[in-house]
Amino acid sequence: MGINLGDTFPNFEADTTVGKIRFHEWLGDSWGLLCSHPADYTPVCTTELGRMAKMASEFEKRNVKMIALSVDSVKDHHGWSKDINHYIGEPQVQNLPFPIIADEKRELAVQLGMLDPAEKNSQGLPLTARAVFVIGPDKTLKLSILYPATTGRNFDEILRVIDSLQLTACKKVATPVNWKAGGECMVLPNIPEDEASKLFPKGIRTMDLPSTKAYLRFTPQP
Ligand code: BEZ
């Protein structure tokens with residue numbers, strides 16, 4: 001099983017560190033970022049959740065609700081949260097600024113295609129991979145990335161792609177390689193020249209190419 005871009009994200013019910021939730025109702029009108037983790041009390045996951053906690057205000061600014069998932073219990077999640085806060089230098093803080101789902105029966109891990117048969121735990125069960133799902137306010141999947149257990153994610157990159165997703169959801173542009181918020185954007189190839197000049201009053205820079213095709217069109221971020 002798994003989920004493809006454009007699919008409606010399952011409206012699952014789950015136990016979490018903030019109680020039982022139904023995913024769509026919990027999201028409300030926000031964007032969502034769901035990150036899965038192989039297990040509690042593991043080193044790479046601890047650094048990742050610590051980074052998520054440190055960056056919580058950046059995600060909040062963008063109207064993104066973060067949620068984590070691991071196959072351990074809510075009790076373990078609460079105990080582990082204290083370790084994570086200790087690791088990021090906030091030992092007095094008990095909870096994390098986002099819930100953690102307790103997927104003890106691995107139902108969500110199976111439904112969302114997150115189990116990695118190549119990585120097994122001490123009981124020989126496949127570990128949950130490090131999945132990243134970005135869900136739009138319309139509850140459809142906008143982005144998914146899957147990392148193996150041994151490679152920690154880069155949350156600056158996750159923030160960068162959210163900036164691109166949110167920009168391209170409302171403006172008729174695409175973002176080029178290594179784009180960062182505020183950088184030059186690309187005019188979509190299907191926009192004719194006369195329409196493009198009206199849509200992008202800040203100007204369009206079209207690069208001359210050996211093919212003579214006018215498809216490399218740059219414009220300041222609208
Ligand atoms: C970790 O989070 O450090 C980890 C978890 C499972 C396998 C490998 C690394």
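Two strands pair if DSSP finds at least two bridges between them. Strands here are DSSP runs (E, at least two residues) and helices are DSSP runs (H or I, at least four residues), both numbered from the N terminus. In strand S8, Val132 is the bridge partner of Cys35.

The model is predicted, and local features need pLDDT of at least 70, side-chain atom pairs count only at pLDDT 80 or more, and totals for chains, interfaces and linings use all residues. Residues are numbered from 1 along each chain as its sequence is written, and side-chain values use heavy atoms, with hydrogens and water left out.

## The chain as a whole

The secondary structure of the chain comes to 7 helices and 13 strands. Along the principal axes, the C-alpha atoms fill a box of roughly 60 × 40 × 30 Å. Of the 222 residues in the chain, 44% are buried. Buried means under 20% relative accessible area, exposed means over 50%, and partly exposed is in between (1.4 Å probe, protein chains only).

The chain is divided into domain 1 (13–153) and domain 2 (171–219), with bounds that come from an automatic or database domain assignment. The centres of domain 1 and domain 2, taken over C-alpha atoms, are separated by 37 Å.

S3 runs parallel to strand S4 (residues 64–70), to which 6 bridges join it. Within this pairing, Leu33 stands opposite Met66 in S4. S3 is also joined by 4 bridges to strand S8 (residues 130–135), and these two strands run antiparallel. Strands of a sheet pair through backbone hydrogen bonds, either parallel or antiparallel.

## An open sheet

Another set of 4 strands forms an open sheet in the order S10-S11-S13-S12, with antiparallel pairing. Its edge strands are S10 (173–174) and S12 (205–206), each of which pairs on one side only. S10 pairs with strand S11 (residues 185–187) over 2 bridges in the antiparallel sense. Val173 has Val187 in S11 as its bridge partner.

## The ligand and its surroundings

Which residues are around the ligand? They are Pro38, Thr42, Pro43, Val44, Cys45, Leu127, Arg130 and Ala149. Helix H2 (residues 43–54) gives the largest share of the shell, 3 residues.

| Residue and atom | Distance to a ligand oxygen atom |
|---|---|
| Thr42, polar side-chain atom | 3.1 Å |
| Pro43, backbone N or O atom | 3.3 Å |
| Val44, backbone N or O atom | 2.6 Å |

The protein covers 81% of the 260 Å² of accessible area that the ligand has on its own. Accessible areas come from the Shrake-Rupley method with a 1.4 Å probe; for residues, only the protein chains shown count as cover.

## Single residues

Tyr41 is in the loop between S3 and H2. Tyr41 is not a glycine, yet has a positive phi of about 55°. With a relative accessible area of 45%, Tyr41 is partly exposed. Arg106 also has a positive phi, about 60°, without being a glycine. Arg106 sits in the loop between strand S5 (100–102) and helix H5 (107–111). Arg106 counts as buried because its relative accessibility is 14%.

The side chains of Thr140 and Lys142 are joined by a polar contact of 2.9 Å.

Pro117, in strand S6 (residues 115–120), counts as exposed because its relative accessibility is 60%. Pro117 and Leu127 are 10 residues apart in sequence, and their C-alpha atoms are 7.3 Å apart in space.

Technical notes:
Near = heavy atom within 4 Å. Polar contact = N/O pair within 3.5 Å; in protein donor to acceptor, adjacent residues only side chain to side chain.
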